[in-house]
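Q: I have a structure open and want to go through a few points with you. Can we start with one of the helices?

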2 protein chains.
Amino acid sequence: MPKYLVLGCGLVGSVIAADLALDKDSETTVADIHKEALERVARNNRIKTIYLDFSDELKLIEAIREYDVIVSAVPGFLGHNTLKTIINEGKNAVDIAFMPENSLGLDSLAKEKNVTAVVDCGVSPGLSNLAVGLASLYFDQYLEGNIYVGGLPMKRSKPYEYNTVFSLPDVIEEYTRPARAIENGELVEYKALEEVLITEAPFIGTLEGFKSDGLRSLLETIEVEDLTEYTLRYPGHIATMKLLRDTGFFNTEPIRVNDKDIVPRDVTIELLRDMWRLQEGDSDICFLKVESIGLKDEKLHQHLFMLIDQLDPKTGFTAMARTTGFPASMTARLIAKGVVKEKGVLPLELLAANRDYVDTLFKGLEYRDINIMIEEIEVPEDIE
Amino acid sequence: MPKYLVLGCGLVGSVIAADLALDKDSETTVADIHKEALERVARNNRIKTIYLDFSDELKLIEAIREYDVIVSAVPGFLGHNTLKTIINEGKNAVDIAFMPENSLGLDSLAKEKNVTAVVDCGVSPGLSNLAVGLASLYFDQYLEGNIYVGGLPMKRSKPYEYNTVFSLPDVIEEYTRPARAIENGELVEYKALEEVLITEAPFIGTLEGFKSDGLRSLLETIEVEDLTEYTLRYPGHIATMKLLRDTGFFNTEPIRVNDKDIVPRDVTIELLRDMWRLQEGDSDICFLKVESIGLKDEKLHQHLFMLIDQLDPKTGFTAMARTTGFPASMTARLIAKGVVKEKGVLPLELLAANRDYVDTLFKGLEYRDINIMIEEIEVPEDIE
């Protein structure tokens with residue numbers, strides 16, 4: 001009987017735990033430092049809870065000892081150390097902590113410890129990596145890939161037409177952190193929010209996209225001419241964020257105001273927190289499209305991967321938590337069941353060749369009402 | 001030989017002093033608490049300076065004793081007390097301090113002391129009041145007046161297309177203070193920035209206007225059906241200010257950030273100060289149009305008053321300082337010369353009937369390259 005431990009009881013961690021607890025033949029435990037969050041998740045009597053400070057390494061080592069698969073959904077800044085500890089203790093891991101560090105650096109340690117550590121196992125990074133991996137296997141030569149991903153509110157209220165469905169500081173980080181992409185086979189960096197693209201999304205309509213820094217492991221693992229991630233928002237949002245950023249509202253350098261040192265970003269986060277909160281009764285949408293072009297049998301082909309999800313009114317789980325959490329919970333299961341046997345640090349593009357894994361993951365997502373559309377077609381010659 | 005004292009050595013006060021100092025047969029002195037500002041203005045050796053804290057009433061009384069006309073260009077919050085002291089000491093005054101209080105409340109004191117106190121003697125309030133006063137005299141029945149006024153940068157740099165040519169806190173005040181207008185003969189109040197009008201300005205092009213609180217004395221002195229002041233900006237600016245205001249960046253209530261009480265507006269002012277500064281070599285534009293409609297001999301007539309000015313590269317005086325400062329300096333002269341003999345607190349609409357004053361003021365402005373266009377026409381019946 002597999003024993004799962006979920007580290008982190010936030011928006012996504014709680015969904016992962018609830019999903020794992022559906023399995024009768026398993027045991028699910030959640031650890032966190034936030035007692036109210038633990039109490040909330042413990043209303044499901046199939047979930048056990050542990051009070052744990054992830055930054056206390058000895059306590060963390062002790063906590064994970066008796067579990068088979070550890071799912072890390074800790075805050076990004078704790079992500080790398082937590083994952084390193086799990087691997088070092090010889091435990092299999094699934095990770096969705098959006099850590100700034102490169103987790104591939106732990107690959108040799110994972111192999112040495114004979115551990116499976118599936119990282120960036122959410123929606124994007126996550127399913128987007130899998131889409132790129134599948135496209136890469138489909139083509140003889142992978143030419144161009146574009147990832148479009150957006151978490152959007154169903155209800156479009158001015159002036160922002162945006163609600164946070166994950167950490168607010170991480171959202172602002174997207175607006176300030178340079179975006180890395182591959183262009184003509186080379187790594188290039190873009191200032192955030194500087195280039196805006198207009199695109200159409202089914203059921204949603206016109207959206208804007210800006211180059212964002214979600215490629216991560218794909219920058220190293222995939223051979224491709226051009227690869228870019230775009231984060232999508234309703235039109236106008238990007239100019240607004242650029243305005244706030246360029247005025248200095250996202251600055252992390254303190255400024256002197258009335259004899260106090262103030263970090264403008266902290267004030268901005270405080271003001272946006274209420275304004276951007278998804279209200280009770282409101283719904284979110286998660287949209288992911290990965291469009292790839294490549295050569296197959298010397299012809300131009302297109303590989304298209306798409307999903308669109310929305311908040312589940314039965315559970316109250318947001319689309320963002322569902323599309324991030326279910327790939328992680330499914331992957332934890334498939335490690336426990338021996339479907340994923342690969343060792344090392346594995347972003348999802350490296351599991352694309354594991355047909356068993358991919359098929360079971362997609363069936364599991366479909367069962368949870370997340371339908372992935374994949375289209376592989378030869379591009380007609382006249383539009384080549 | 002008239003002796004002038006200018007209180008306040010800021011953007012406008014220094015222009016008033018420089019203009020008064022052109023008269024050979026007069027003496028001009030400037031008082032301020034800012035020593036660097038005094039040193040700057042004292043480079044003109046026809047201007048004397050006094051170090052003075054306006055909030056020290058006894059020092060103020062002593063300072064004004066030997067002068068004939070006192071021009072008050074002090075910060076708005078000191079305006080009312082300063083004017084009251086001047087009047088109470090029996091001194092004639094010209095005031096451009098944008099005080100929140102109603103200066104008409106000092107009228108009986110001014111009459112009792114036999115003093116001439118011309119108030120709101122800038123561009124708008126100021127020349128706009130004169131325009132409304134002239135229209136009111138022209139019509140038998142004044143139906144509708146609209147004041148359009150804007151201080152704009154010549155160079156339109158995104159995202160704000162705006163530079164401050166007067167006090168930054170006062171600009172933000174315009175975006176938050178409710179605007180008073182007259183509608184169907186009644187006083188009405190509008191939330192700031194809520195209603196936007198599109199208009200065309202000669203030489204400038206399309207502008208946006210929002211209802212602003214510049215009518216002041218006109219709300220009491222003029223009999224009219226409808227009267228509104230609009231502040232003009234380049235298109236898009238108002239939505240941006242509304243965004244900042246609605247997010248809370250203009251809030252004066254402190255919020256708790258990292259265990260400190262922070263007033264968001266103070267942080268915003270700090271960030272905007274540099275961004276909105278008119279740079280060396282950049283020019284500003286001041287545009288004022290007052291459009292009035294009324295009945296004359298039982299026909300519909302239009303009274304139009306317009307001026308457009310820009311920074312003077314010879315002196316470096318901004319259009320805003322010129323159009324605000326020259327009406328004040330001219331009026332100080334005309335009080336000294338006995339052209340303005342009226343007693344009491346006099347906003348410019350109450351001087352419209354003094355033809356000598358109006359003609360000399362307009363000639364003086366023309367000599368300083370500020371050309372006022374006035375058009376009085378019968379409205380053709382077919383567009384009635």
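Q: Helix 9 of chain A, residues 237–247: mostly covered or mostly open?
A: Mostly covered. This is a predicted model, and in it 8 of the 11 residues of helix 9 of chain A are buried.

Q: Which residues of helix 9 of chain A are the buried ones?
A: They are A:His237, A:Ile238, A:Thr240, A:Met241, A:Leu243, A:Leu244, A:Arg245 and A:Thr247.

Q: And what covers those buried residues of helix 9?
A: Elements from both chains. From chain A, the cover includes helix 7 (168–176), strand 10 (196–201), strand 11 (205–211) and strand 12 (226–233). From chain B, it includes helix 9 (237–247) and helix 10 (264–275).

Q: What follows helix 9 of chain A?
A: A:Gly248 follows helix 9, with a positive phi near 110°.

Q: Since chain B came up, how can chain B be laid on chain A?
A: By a turn of 179° with a shift of 0.0 Å along the axis, which gives an RMSD of 0.0 Å. That is how a two-fold axis relates two copies.

Q: Which surface do the copies meet through?
A: The same surface, because 100% of the interface residues of chain B are interface residues in chain A as well.

Q: Changing topic: how many disulfides over all chains?
A: A search of the whole structure finds 0. A:Cys9, for one, is in no disulfide, and the nearest cysteine sulfur, in A:Cys121, is 19 Å away.

Q: Is A:Cys9 buried or exposed?
A: A:Cys9 has 5% relative accessibility, so it counts as buried. The cut-off for buried is under 20%.

Q: Last topic, cavities. How many of 30 Å³ or more does the structure hold?
A: There is 1 cavity in that range. The largest cavity has a volume of about 30 Å³.

Q: Which residues line the largest cavity?
A: The lining consists of A:Tyr190, A:Lys191, A:Ala192, A:Leu193, A:Glu194, A:Glu195, A:Phe210 and A:Lys211.

Methods. Residues numbered from 1 in each chain as written. Chains lettered and ligands numbered in written order. Predicted model: local features only at pLDDT ≥ 70, side-chain atom pairs only at ≥ 80, totals over all residues. Heavy atoms only, no water. 1 Å grid on protein atoms, 1.4 Å probe; cavity = no way out; pocket = protein on both sides within 12 Å on 5 of 7 lines; lining within 4 Å. Points joined across faces, edges and corners; volume = space filled by probe spheres on them. Buried < 20%, exposed > 50% of the residue type's maximum accessible area, 1.4 Å probe, protein only. Helix = DSSP H or I, 4+ residues; strand = E, 2+ residues; numbered from the N terminus. Contact = heavy atoms within 4.5 Å. Least-squares fit on C-alpha atoms with pLDDT ≥ 70 in both. Disulfide = S-S within 2.5 Å.
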